[in-house]
Amino acid sequence: DGTWRDADPELVAQKIAAGDPYTVRFKVPPGARVVIDDAVRGTVSWDAEATVGDFILLRSSGVPVYNFCVAVDDASMGITTVIRAEEHLTNTLRQGLILDALGAPRPRYAHCSLILGEDKQKLSKRHGATSCNQFRLDGFLPDAMINYLALLGWNDGTENEIFARDELIEAFDIDRIVKSPSVFDMDKLKWVNSQHLKQMEIEEILDLVEEQLNFMDMINEGADAEKKRDFVFASTAVAKQMMETLQDAATNAKTVMGYNLPATFDELADGSEAKEMVKQGNFYGISMKLMEMHEGKSFPMPNPGDLLAAFVDGSTKKGIVEDRQTGGDETSYPQEYKATMKSMAKEMKVKGKNLFHPVRLALTGEMSGQDVPKQLSLLAMAVGDGSAVNAVAAGVVPIEARMERLKSFCESIPEEFRVSKTNAGGDKGKSEKGSKKDANGKKESAASSAAADSSSPAQDDP
């Protein structure tokens, strides 16, 4: 209320000597105005006397207030530019008055708009991750985080959205910070992260993927170093093209090593892609063939001595990430698997998706996913002697258990779905075409005979 603003100094000294509690305030000069040229918000000015009055510098406890500390700190450290949230804009008035009183230069200010959640409310812990470490646990790259955060309220004037850290440092200009608030979009962050992952070699992210596998307790403690490295390499290579976060490599590996085919046909969701495919009839016959081959040990499985073949180019010895690219050389497991599929196609008179979809569902329990030889190779790493994989935590289902469940599933398929509708339709079509051809042939023959009879001279009876 200004009671002590112009008090007699002797009275003030007496009060202090008597031990009365007191505060130290900044005496704002009458008519004082503070004006700043904010890099984001332009010219901002305040009537100091009307806005803040004589504000406290030292509390009655002797502890200095935030704005006094900040101003002294900026002055002593020679701070030239202060970039902070718009919430601190009003603090600039007090800090500017203190700096002026100290005879220190004011830094340049840039008050950025708040970052909002997708609900357009101020970003807070209710919107998700609350620490940098949580983003690390969720599988985001440090450089991708920096890249994305830089784009919240800034751009370099081009369409480019992906920057390396050095490129950001080179391109950043405080004058390109925009005034409007930005929305923290988790999907956009994942996209930025995926672009950074695509630009990195497999070897560059192995340690980070291993960290994710350890977070999920999928690697045995004290595992053989070479087997562990091979498993991490394979898990990374098989998932790299689809990864949005490093965590995706671990969750994908868990999916690959698991087997989600239900025990019975009725357990498949009505209308699902899998159920509709089984109804086409190819699945039953192909599955029976696969089980027969497995039991007779004629179905090819990965070579225990070369489990990385599916993930490495046979000529360059470099890791492959394109799912359509076949690993190994002409003698490796992927080629053996490919030859087996060709043989099955010829024997069962079925090809394309009518062969590959049933084979995939039967062997992996999924309708989609990465290259089957790569999946089986990753599975082989998880079940081999001295495996580095924690089978329980990873949910590993070995090929033998898969065949048992596949058998149970096939036994539950209704008889009407055990015959290929595709082939039946094709044969029926061919049969109908053949019948028409025969009929047409007979008509043509009859017509020819009639023509021949009409053109021949009449013969007398003997």
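**Salt bridges in close-up**

**View 1. Glu322 pairs with Arg324.** In this predicted model, a salt bridge joins the side chains of Glu322 and Arg324, with an N to O distance of 3.4 Å. The two partners can be read side by side: Glu322 is partly exposed, at a relative accessible area of 29%, while Arg324 reaches 73% and is exposed, because the cut-off for that class is over 50%.

**View 2. Glu210 pairs with Lys228.** Here we move to a salt bridge whose closest N and O atoms lie 3.3 Å apart, formed by Glu210 and Lys228. This pair links distant parts of the chain: Glu210 belongs to helix α9 (residues 202-215) and Lys228 to helix α10 (residues 225-239), 18 residues apart. Glu210 has 14% relative accessibility and so counts as buried, the limit being under 20%. Lys228, at 23% relative accessibility, counts as partly exposed.

**View 3. Arg5 pairs with Asp54.** The side chains of Arg5 and Asp54 come together in a salt bridge, 2.6 Å from N to O. Distant parts of the chain are linked by this pair, which is 49 residues apart: Arg5 sits in the segment before α1 (9-17), and Asp54 in the loop between α2 (48-51) and β4 (56-58). With 27% relative accessibility, Arg5 counts as partly exposed.

**View 4. The wider setting.** Stepping back, a search of the whole structure finds 19 salt bridges.

Notes:
Residues are numbered from 1 along each chain as its sequence is written. This is a predicted model: local features need pLDDT of at least 70, side-chain atom pairs count only at pLDDT 80 or more; totals for chains, interfaces and linings use all residues. Side-chain values use heavy atoms; hydrogens and water are left out. A salt bridge is a side-chain nitrogen of Lys or Arg within 4 Å of a carboxyl oxygen of Asp or Glu. Helices (H or I, at least four residues) and strands (E, at least two) are DSSP runs, numbered from the N terminus. Buried means under 20% relative accessible area, exposed over 50%, partly exposed in between (1.4 Å probe, protein chains only).
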